[in-house]
Amino acid sequence: MLKPYPRDPARWPRLFTLLLGLLLLAPSFSLTQFNPATLANPDSWHTMAGFVAGFFPLSTQGSFLLDVARETITTLASATAGIALAMLLGAPLAFVTTRALERHVLAAEAASASMLLFKSAVRGVMVILRGIPEIVWALLFVRAAGLGSLPAVLAIGLAYGGMLGKVYAEILESQPRELATALYLQGASRWQCLLYGLWPQALPELVSYSVYRWECAIRASAVMGFVGAGGVGQLLDTSLKMLNGGEVSTLLLVFLLLVGLSEGISLCSRHALERARGGLYLLGGGLLAVVASVLWLLPGWRDSGFDLSAIPRFIHDFFPPDGSMLAELAHGTLETLAMSALGTVLAFVAAAVLAMPAAGRFGSLLKLASRLLLNLLRGVPDLLWASIAVLAVGLGPAAGVLALALHTAGVLGRLFAETLENADHTPELALRQSGVSQLLAFAYGLLPTVFSQWVAYTLYRWENNIRIATVLGIVGAGGLGQQLYLALSLFQQHKAASLIIAMLLLSWLVEQLSRAWRQHMA
Amino acid sequence: MKTLKLSLATALLAISALASAEEAVLKVSAIPDEAPTELQRKFAPLGQYLEKQLGMKVQFVPVTDYAAVVTALNSDKIDMAWLGGFTFVQASLHGKVVPLVQREEDSRFTSKFIVNAAVGAKSLKDLKGKSFAFGSASSTSGHLMPRYFLQKEGIKPETFFKNVAYSGAHDATVAWVASGKVDAGALNASVWDKLVESGKVDSSKVKLLATSPAFYDYNWTVRGNLDKKLQERISAAFLKLDPKNPQDKAILDLQRASRFIPTKADNYKGIESAAEAAGLLK
């Protein structure tokens, strides 16, 4: 005799989570002034339609296209040179901080206190490097030392250097330790343990992560121009400001091609790793690309009059940070958090809806169409979405919400579709064959198998979106970024320092929470 | 040994030649208060004129950021810049700079408040709860003075308007108001007049709401350590531009100047106190 299945044992936690979620979201609407009705407002559609109608025909003026070509190469070159710098910075940081090479891990010996202190200090530096978003680094370099592509390269180098350092260290930590331990017990040095014990196993993962970062760097470098750091972003900034639709659409097309190209190269290089001597070709190609990039950028750097000696004075001006603006900071921080939360939730809903056709559930035509839409949503960087969204819902944090929702929907939609495709379809099929409706079969047969993964992806994206929300203000979409941009424009360095500290704290807090949460899940 | 000395001497010569070649270039920039292409177009004939008058190469360095022009001038990266009243005050607070000349119009400059026709506002007070765009945060006639005069009317922009935005440039403000991206905005009177005269403003969409009282604005400023003789020659070249001479008139028209007159730092004391009152200086 089968006993009736007990009631859902997780009902109380589930209800609690749902209520908490709603409770957290409610103030977000008022904080971000996000009113879905604005989207239905004929006036804003009219504004938007006027702007979009201006997209056609694409601008194909000779001198403009020449500018676009030049700035596109600069964008690629800045990203490549920036990643090279980031690797040069990240590798030693990882070597110093990774727990995989610690004495007490390898051989249960006690670590010296001074060594531990030194490592914590280096980790602190890494938190600062990656806690400040790359576009804020670029803005700081632009203000401190001059315009041009050098600030973009330095910004990518520093921000991604901190990130690569952390991830390289984690990759080394995740490798099996036996070999390194054995070497260490034989009296091998740290270097030898790394080179012979960890390096060979970790290499594919290290390379593939670096290539992925290069891909991100291209997207980042494409928007650096918004703060005066060169590349296609600079042209786009001007075209958007002047509401020149034809130029905007040409540039958008270039953007999408760039993103597509970088994904293609990234895929190829990952395949290359699997082939014999592929790594060698990859190394050669990479070095060649870096040299070519630096050669391309060098004349611009020489002319720009970039002044490294101005940086110490610039930093000196930041102290002491302005302590009297706590209320402003709290408001900016709340606005930033609300923007990211609301944007992520909306993206989750949109992604779930779009993932169904994208996973091929409604025929191949809809699959193709929805995949194209997802690629478009994902290919356009959030900052760019934000500058377009201000037209639809007006200036302010509401535009930030919309921008985050659109870009994140593209990212999540693709991931959701992939999980749907990879999921085990037997439970759903069994339900279908026993006469259950299509919707119910999906809800009880397939959804439970993918849902926890969807939530995990979404939370990870939210973490990312909090960081992005801090900078959307640079294009007029509210949050801490807007205040920082203004403070730096008016030479109010003490204020700027407080804002940067707030950004750092927020980013650090999110990282800690997310790590704690992941450990809890595992 | 001899060859070594010889090559050393040649190298030294080459270096000094390079250095002197560098000295013979006057690097000029301007705050980007209009679209970059417009700035280049406006400067080209003036640059050629200055080259002829000074007998040296004049290079225009395009900059997309107001604050960067101030920083560049203060750190001797450029020799001369077209500054607004507020950027001049910022530059003189951060280093030594010398204002040379201004347009005659700059001694009685004004800002214009404009509004999207659909809003139906008749006075500044009607803009309560609307969105409002200044130009660049560092602009005198697009931000500082409009803010100062609003304040005098008892209007604090951040609480009075629904949203305050910065379009970045005067012509962008007009485009934003015309498109409905913002309800109203403030800009430089001279750019407004130019856009109206050239028919680039759709008067059915954008209405003039108010004009501010007059104040001192733009000037041509050089870095403080630029050769005094050269400073005088630059001033003289500007002052010599004669509206009765057709060639000079073309240059003056592009600058929207009837003629250039000498200026001094004291002219901008009013701007400095307005900036202090508006809370835009530290």
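Helices (H or I, at least four residues) and strands (E, at least two) are DSSP runs, numbered from the N terminus. The structure is a predicted model, in which local features need pLDDT of at least 70, side-chain atom pairs count only at pLDDT 80 or more, and totals for chains, interfaces and linings use all residues. Residues are numbered from 1 along each chain as its sequence is written, while chains are lettered from A and ligands numbered from 1 in the order in which they are written.

**View 1. The two domains of chain A.** Chain A is divided into domain 1 (28-53 + 319-521) and domain 2 (62-309); these bounds come from an automatic or database domain assignment. The C-alpha centres of the two domains lie 24 Å apart. Between them, 19 residues of domain 1 of chain A are in contact with 21 residues of domain 2 of chain A, where contact means that the C-beta atoms of two residues, placed from the backbone, lie within 7 Å. On the domain 1 side, the elements that give two or more residues are α17 (382-393), α21 (480-489) and α22 (493-521) of chain A. Of these, α22(A) gives the most, with five residues. The domain 1 side divides into 14 nonpolar, four polar and one charged residue. Here Ala, Val, Leu, Ile, Met, Phe, Trp, Tyr, Cys and Pro count as nonpolar, Asp, Glu, Lys and Arg as charged, and the others, Gly among them, as polar.

**View 2. Packing of α4(A) against α10(A).** Two packed helices are described by the angle between their axes and the distance between the axes. Helix α4 (residues 62-97) and helix α10 (residues 190-223) of chain A pack at an angle of about 145 degrees, with their axes 9 Å apart. Axes are lines fitted to C-alpha atoms, for helices over the stretch in contact, and angles run from 0 to 180 degrees between N-to-C directions. The crossing of α4(A) and α10(A) is right-handed; a crossing is left-handed if the near helix is turned anticlockwise from the far one by less than a right angle, and right-handed if clockwise. Residues of α4(A) in this contact include Gly82(A), Met87(A) and Phe95(A), and those of α10(A) include Leu194(A), Arg213(A) and Trp214(A). The residues of the contact divide into 10 nonpolar, five polar and one charged.

**View 3. Backbone details in two loops of chain A.** Most residues other than glycine have a negative phi, and most peptide bonds are trans. The peptide bond from Phe319(A) to Pro320(A) is cis, with omega near -5 degrees. Pro320(A) is found in the loop between α14 (310-316) and α15 (326-358) of chain A. Phe491(A), in the loop between α21 and α22 of chain A, has a positive phi of about 55 degrees although it is not a glycine. Phe491(A) is buried, with 20 other C-beta atoms within 10 Å. A residue is buried if 20 or more other C-beta atoms lie within 10 Å of its own, exposed if 12 or fewer, and partly exposed in between, with C-beta atoms placed from the backbone.

**View 4. The contact between chains A and B.** This contact takes 30 residues from chain B and 29 residues from chain A. On the chain B side, α3 (66-74), β7 (163-166) and α7 (170-179) are the elements that give two or more residues. The largest share of that side, five residues, comes from α3(B). Its residues divide into 14 nonpolar, 11 polar and five charged.

**View 5. An open sheet in chain B.** Five strands of chain B form an open sheet in the order β7-β6-β8-β5-β9, with mixed pairing; two strands pair if DSSP finds at least two bridges between them. Strands β7 and β9 (206-211) of chain B stand at the edges, each with a single partner strand, so one side of each is left without a neighbour in the sheet. The twist averages 25 degrees from one strand to the next. Strand β5 (residues 111-116) of chain B runs antiparallel to β9(B), joined to it by five bridges, and Phe113(B) stands opposite Ala210(B) in β9(B).

**View 6. Helices across the sheet of chain B.** Helix α7(B) lies across β5, β6 (131-134), β8 (184-188) and β9 of chain B, running at about 155 degrees to β8(B). Nine of the 10 residues of α7(B) are buried, among them His170(B), Asp171(B) and Trp176(B). Just after α7(B), Gly180(B) takes a positive phi of about 85 degrees. Helix α8 (residues 189-197) of chain B lies across β5, β8 and β9 of chain B, at about 100 degrees to β8(B).
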